Amino acid sequence: MRQRLPAIVSLLVVGGALAGLPFTLSGYHVGLAAQVGIFFVAVLGLNILTGYTGQISIGHGAFMAIGGYTTAVMSQDHHTNLVLTMLMAFAICFVVGLLVGLPALRLSGVYLALATFALAVSVPQLPLKWSKFLGGRDGVQTSKTVSHLWLYGAAWTASAILFVLAWLILRGRVGRAFRAVRDSEIAAVASGIELPVYKTLAFGISAAYAGVAGSLFVLATNGFAEPSEFGVVLSLQILVGAAVAGLGSLWGVLAGAAFVGLLPAVSSSVPVIGSDHGRDVVFGSAVVLVMLLLPDGFAGLFARVRRFARA
Amino acid sequence: MPLLSLDSARLRFGGIVALDDVSLEVAEGSIVGVIGPNGAGKTTAFNAITRLYRLDSGDIVFDGRSLRRVRPSRVIRLGVARTFQNLELFPRLTVLENVLVGAHASSRLQRENEQQRLALETLADVGIAEHAARPAAGLPFGTLKRVELARALASRPRLLLLDEPAGGLNHEEVDELVGLIRRLRDERELTILLVEHHMRLVMDLCEQVHVLNFGRTIAAGPPADVQRDPAVIEAYLGGELAA
């Protein structure tokens, strides 16, 4: 109980702050805060794959695209309830994630990263191939658009639910098996852990989270899904967010999500030579700085602060 | 019937014959040692038993059942647990979590706090309970050896394979280890097969000793007999001179 108390206080503080935020912010800023919530979901999901089982993915933008198109197509063609489309995105991406996880069993480290990178490059091209169904270059428009406030509520409600789900999955036997696989595959097998089961399961869960994020992502762009918004850069942003977040900390994931969700908006107002690329220069420099100063991400920083405070 | 038997086990890596027609029996409740110069095939035999390697021919029978077609992750469920020569721990997990992973195969039906209690008891049993909450990374080598031992014990095995349990230990620690292994065998009704270079430990502890050289059995029997065997003396002295 003594260990749980700070965690419960953290949750209440974060929840309270998020519930109060829309009353104090302008519409534009509520939109930005919703953006952070969307990245929160995606970063949380990638953390389960990369942080817990040690499988690197530079392809999560692809799962976001699948989730996003699920929402856009279902809403346009069938007028499906938008919240329902998020659940569908979760389910579809879970299955696709499992399927992608199967060939990924034969790959690890940088080779797995490259394979997922190929996914990030190729999946957004699919709408061009099946343009009748997926709208081609022109994209797909949902039948309804949502307000900043709706999006904010949806993004952070999804964040809260998926955070609790992740906590339930990771706190016991399954989470331990994930981390065991990451630390030593040989010892994990010798301890009776079925590598294929846990590795593909992590892929599935992680992809499902990205799917929900993608679904929200499309709603954030006025319900418009098009290939170019799910480019390679999106995949990289999620990976950067996960690296900035570090492992096993709610505050870390919040920091990582805020980093990738807010920095582009903040940095575009920073004057840098050649203002077209100013944004990228600031973003890139910030990534380098964080990685140099916080090799274990914000989670590592918070752990160090806690140890310091206790000593 | 022996609890474990290797029956004409043969395994080759390219041109090198790592196990050449090795036959070996481990009686239930006994402590058996496998010795031999470096590269003799001792660890290879362990890896074959735990199915990390696949035999080319011959068989491995545990409790009347062939392990040849058993998946590596199933071996521990049948009751065979092991430690590793150069440590295969989960460095970023705590000591307690390392031991809990050892109970993975049997933990599906147990409550988490029940598992934790059992894991802590196991840690206390091997004398490292005070390290439970520390990450494995950064602990001294001798302690990590005990963590691996506790992790193996947490699966409640019938057969325990110890790969160089005395490696890197000093004189007193080896004496302690001999006492510990004997006590664990008696209290937990274990059967133990161990690979070791430390001759005094082998002679003190083992009821049977199996000597391998270049993947081939050159002697087998009670420690006192094996020690006097000319082929064994030749293998060890030859190794010494060549080195």
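Helices, of at least four residues, and strands, of at least two, are DSSP runs numbered from the N terminus. This is a predicted model.

**Select chain A.** Chain A has 15 helices and two strands. Its radius of gyration is 19 Å, close to the 19 Å that the globule rule gives for 311 residues, so chain A is as compact as a globular protein of that length. Along the principal axes, the C-alpha atoms of chain A fill a box of roughly 55 × 45 × 40 Å. Colour by burial, and 47% of the 311 residues of chain A count as buried. Of the contacts in chain A between residues at least 6 apart in sequence, 77% join residues at least 24 apart.

The contact draws 16 residues from chain A and 23 residues from chain B. On the side of chain A that touches chain B, two or more residues each come from helix H9 (173-183) and helix H10 (185-190) of chain A. H9(A) gives the largest share of that side, six residues. By type, the residues on this side of chain A are seven nonpolar, four polar and five charged.

**Select Gly252(A).** Gly252(A) is in helix H13 (residues 250-267) of chain A. Is Gly252(A) buried or exposed? It is buried, because 26 other C-beta atoms lie within 10 Å, and 20 or more make a residue buried. Now show its contacts. Apart from neighbours within four places in sequence, Gly252(A) is in contact with Ala245(A), Gly246(A), Gly297(A), Phe298(A), Ala299(A) and Phe302(A).

**Finish at Leu301(A).** From C-alpha to C-alpha, Gly252(A) and Leu301(A) are 8.6 Å apart in space, and they are 49 residues apart in sequence.

Note on methods
Residues are numbered from 1 along each chain as its sequence is written. Chains are lettered from A and ligands numbered from 1 in the order in which they are written. This is a predicted model: local features need pLDDT of at least 70, side-chain atom pairs count only at pLDDT 80 or more; totals for chains, interfaces and linings use all residues. The radius of gyration is taken over C-alpha atoms; the globule rule is 2.2 Å times the number of residues to the power 0.38. A residue is buried if 20 or more other C-beta atoms lie within 10 Å of its own, exposed if 12 or fewer, and partly exposed in between; C-beta atoms are placed from the backbone. Two residues are in contact if their C-beta atoms, placed from the backbone, lie within 7 Å. Ala, Val, Leu, Ile, Met, Phe, Trp, Tyr, Cys and Pro count as nonpolar, Asp, Glu, Lys and Arg as charged, and the others, Gly among them, as polar.
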